[in-house]
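Hi everyone, thanks for coming. Have a look at the picture first, and then I'll talk you through a few things in it.

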Amino acid sequence: MGRKVAVVLFNLGGPDKAESVRPFLKNLFRDPAIITAPLPIRWFLARLISRTRAPSVIKNYAMMDAGGGSPLLPETQKQAEALQAELSKRLPEDDVRCFIAMRYWHPFTEQAAKDVKAWGADEVVLLPLYPQFSTTTTGSSLTAWKKAYKDPVRTICCYPFEENFVSAHVDRIMQAWEKAGRPENVSLLLSAHGLPEKIVKDGDPYQWQCETMAEMITGRVPRDWEVTACYQSRVGPLKWIGPPTEEVIAEKSKEGKNILIAPIAFVSEHIETLVELGEEYRLVAEEHGAASYTRVEALGTHPEFISMLANETAEALGMKTPMRSCGSDRLCPHEFSGCPHKQPVRKAGQAINPQS
């Protein structure tokens, strides 16, 4: 008799309707991994930011064909179905089921933990849909999971350098270039969600992983392309890592470049890809004279991406340790203390908390 294997997909979550935008934002900004201020100040800021930002965010969600809400959950459900089908082929003796654990909106991490427990899983694999590790994303989700689920689990921390993941991105990029008519004088922008500089200085490996991955993509696209890693979605007064995507677009547009822009830290279509990259930054490019502007689609259910997730899951199940790394020869350099492999790791078979 085979095992009951639960694969838990971590993601950010998104409001399902206009009325959900404000509470979603409040959940986001009161997370201590996002705003590190003491609790009373953090809650005050969360209420303030959610109230002031909600009107503009609601307008942005209305621009998408998702009933005023985020398409992230339906997109994640498609990925879960594709991954479950692939794992069922690879592990025919096991009963594999994918669960979705969203951090800031339904279905919440706590509900996913209850569902996994009720199902009676023999093995649980935590699989973030955040490709690069950050204390603000995977780290936060793992902390929430540990509070909700006390039994042993296996964890995949990140996979930014996995072959099928990188090649899937290159494939999406080249498809977009072909669809755009194979323009010359290309500026390829690899855009990731930004982080406050302070978080990176405190040891978060996210920026290093993003830029190392960008170098890998650079080596696989035409040599005459100009490739730039950049960061989008800045919020608040703190200094953020750069260069800012919007500024790079303006600069390259003034040079008359054909701009290709690809999301490298988002694997599903949502507000940052469809509206920010697809609409807002397009206006910036047009305003500054870009020869053309083409948004590259998120990976979604790209076969190579789903295959890579299946590989990671299968390898995690075969590991003696509770955490699957990003590769023994590619662990984050020693200065990145925020990497979970730099944190105390318990013995195999015990729960793990990379934030402890």
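**Salt bridges and cores**

Let's start with D151, which is partly exposed, at 30% relative accessibility. Keep in mind that this is a predicted model.

So who does D151 pair up with in a salt bridge? The partner is K117, and the closest N and O atoms are 2.3 Å apart. This pair ties together distant parts of the chain: K117 sits in helix 4, while D151 is in the loop between helix 5 and strand 4, 34 residues apart.

Next up, R220 and E163 make a salt bridge too, with 2.9 Å between the closest N and O atoms. Again, distant parts of the chain get linked, since R220 is in the loop between helix 8 and strand 6, and E163 is in helix 6, 57 residues away. R220 is partly exposed at 37%, and E163 is partly exposed at 44%.

Now a local one: K78 bridges to E75, at 3.8 Å for the closest N and O atoms. Both lie in helix 3, 3 residues apart, or about one turn of the helix. K78 is partly exposed at 47%, whereas E75 counts as buried at 19%, because the cut-off for buried is under 20%.

In total, the structure holds 15 salt bridges.

Okay, on to the inside. The largest nonpolar core has 55 residues, and Y159 is among those that touch the most other members. Leaving aside neighbours within four places in sequence, Y159 contacts residues including L127, F165, F305 and L309. There's also a second, separate core of 18 residues, with F29 and Y61 among them.

Terms used
Residues are numbered from 1 along each chain as its sequence is written. This is a predicted model: local features need pLDDT of at least 70, side-chain atom pairs count only at pLDDT 80 or more; totals for chains, interfaces and linings use all residues. Side-chain values use heavy atoms; hydrogens and water are left out. A nonpolar core is a set of buried Ala, Val, Leu, Ile, Met, Phe, Trp, Tyr and Cys residues joined through side-chain atoms within 4.5 Å. Buried means under 20% relative accessible area, exposed over 50%, partly exposed in between (1.4 Å probe, protein chains only). Contact means heavy atoms within 4.5 Å. A salt bridge is a side-chain nitrogen of Lys or Arg within 4 Å of a carboxyl oxygen of Asp or Glu. Helices (H or I, at least four residues) and strands (E, at least two) are DSSP runs, numbered from the N terminus.
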